[in-house]
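Open the model in your viewer and keep the selection tool at hand.

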Amino acid sequence: MTDAHTDQPGAADADSGQTHPHVRQHTVVVPDDLDMVTLLGPRDELLRTMERQFPHVGIHVRGNEFNVSGPSADVALVERLIDELLDVIEAGQPLNRDAVERSIQMLRAQTVERPADVLTMNIVSNRGRTIRPKTLGQKRYVDAIDANTIVFGIGPAGTGKTYLAMAKAVAALQAKQVNRIILTRPAVEAGERLGFLPGTLNDKIDPYLRPLYDALHDMVDPESIPRLMASGTIEVAPLAYMRGRSLNDAFIILDEAQNTSPEQMKMFLTRLGFGSRMVVTGDVTQIDLPGGTSGASGLRVVRDILVGLDDVHFAELTAVDVVRHRLVGAIVDAYGRWDDKQPKGPRR
């Protein structure tokens, strides 16, 4: 990529009428062999996204040249953004509006990690689909799983806590780093009403484990799952089934951990065997324990108990890391602000 620029002091912003002390004009030339549609998006959707994110910057495209003008700091960010997006394209990854917006977010936050490093990190591929982190928080979470024996992934719905952990489990199994995957979660309501549900025990607990099965089908060929489960290579079971076991050479995931009691959390963590790794995921704002007794959540107290313990990591994911529909992040934030305004007292 080649570029050129000039600086013009004291130029005015046409939209706001404000004068910026350093206005920069910059030309970015992208490689001739690049199909500009991959960078601009269909019907220039990605170009429009850049323009919305930088309202005080003029971005004009002619051929394979970007002509950028505006406040110097913003123009520099646009230049870096184009560099990052070109690296993503060169790595063979498609671009979309979400990737552009997240790249801009990371550049503005001045993170050590480059957006291209986040967006091109592959965890596992299946049937032409590759699972990778989409936010900086997710990448740090995945890196923590590589670096620690026990990782707690704590954050709101939609941040990929369980999904990415399962992708890492499948990758570890494929690489023969472990011999089996164990997926578990507490069946809070099943524990109360199990006797009233029809069918066998497996029929009764299946609805509470279904989200784990759904994620698993995205990562492993569906026709091979029954065989892997029959052989014990993959096990999906309620948390109660873990009691009394020592789990060696396994990648173990505890989902919905906010619904464990402190005693259950201790029981689970002490199942750790040789050659195993654990990931514990949950959302401390969504506790479904009987009576709403949030203080009795094992996930709430475990940080205080294990703080400072070597080879144990707590990864905090936030609304910024929500990768569902863009409105989900806004909804999570809105509920958080509303909750902060409520009088503090005993929960009913």
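Select β11 (277-282). Both of its faces are covered: R277, V279 and T281 are buried on one side, and M278, V280 and G282 are buried on the other. Buried means under 20% relative accessible area, exposed means over 50%, and partly exposed lies in between, with a 1.4 Å probe and protein chains only. Six of the six residues of β11 are buried, so the strand is largely enclosed by the rest of the structure. In a regular strand the side chains alternate between the two faces of the sheet.

A word on what you are viewing: this is a predicted model, in which local features need pLDDT of at least 70 and side-chain atom pairs count only at pLDDT 80 or more, while totals for chains, interfaces and linings use all residues. Residues are numbered from 1 along each chain as its sequence is written, and side-chain values use heavy atoms, with hydrogens and water left out.

**The sheet**

Now show the strands around β11. Six strands form an open sheet with parallel pairing, in the order β9-β8-β10-β11-β7-β12. β9 (234-238) and β12 (312-316) stand at the edges with a single partner strand each, so one side of each has no neighbour in the sheet. On average, neighbouring strands are turned by 15° against each other, direction ignored. Strands (E, at least two residues) and helices (H or I, at least four) are DSSP runs, numbered from the N terminus. Two strands pair if DSSP finds at least two bridges between them.

Walk across the sheet, pair by pair:

- β9 and β8: five bridges join these parallel strands. Select L183, which stands opposite V236 in β9.
- β8 and β10: five bridges again, also parallel. R180 stands opposite A250 in β10.
- β10 and β11: four bridges join them, running parallel. F251 has R277 as its bridge partner in β11.
- β11 and β7: they pair in the parallel sense over five bridges. V151 has V279 as its bridge partner in β11.
- β7 (residues 150-154) and β12: parallel, over five bridges. I150 has V312 as its bridge partner in β12.

Five of its six residues are buried, so β8 is largely enclosed by the rest of the structure.

**Helices on the sheet**

Select α6, residues 136-147. This helix packs on the sheet, touching β7, β10 (250-254), β11 and β12, and its direction makes about 150° with that of β11. Contact means heavy atoms within 4.5 Å. Axes are lines fitted to C-alpha atoms, for helices over the stretch in contact, and angles run from 0 to 180 degrees between N-to-C directions.

α6 has twelve residues and reaches 16 Å from its first C-alpha to its last, close to the 16 Å expected at 1.5 Å a residue. That expected span is 1.5 Å times one less than the number of residues. Which residues of α6 are buried? Colour L136, G137, Q138, K139, Y141, V142, A144 and I145.

Next select α11 (residues 262-269), which lies across β7, β8 (180-185), β10 and β11 and runs at about 155° to β11.

**The largest pocket**

The largest pocket holds about 930 Å³ of space. It is lined by 39 residues, with G158, T159, G160, Y163 and V323 nearest its centre. α4 (97-108), β6 (129-131), α7 (161-174), α9 (201-219) and β11 each supply at least two residues of the lining. Which element gives the largest share of the lining? Select α9, with five residues.

The pocket search uses a 1 Å grid over the protein atoms alone; a pocket is an open set of points where a 1.4 Å probe fits, with protein on both sides within 12 Å along at least five of seven lines, and lining residues have an atom within 4 Å of a point. Grid points are joined across faces, edges and corners, and the volume is the space filled by probe spheres set on the points.

Zoom to T159, in the loop between β7 and α7. T159 is buried, with a relative accessible area of 0%. Beyond residues up to four places away in sequence, T159 touches Q138, L317, T318, D321 and V322. The C-alpha atoms of T159 and T318 are 7.2 Å apart, though 159 residues separate them along the chain.

**Last stop**

Select G336 in helix α13 (residues 326-341). G336 counts as partly exposed, at 29% relative accessibility. Zoom out: the protein has 13 helices and twelve strands, and 46% of its 348 residues count as buried.
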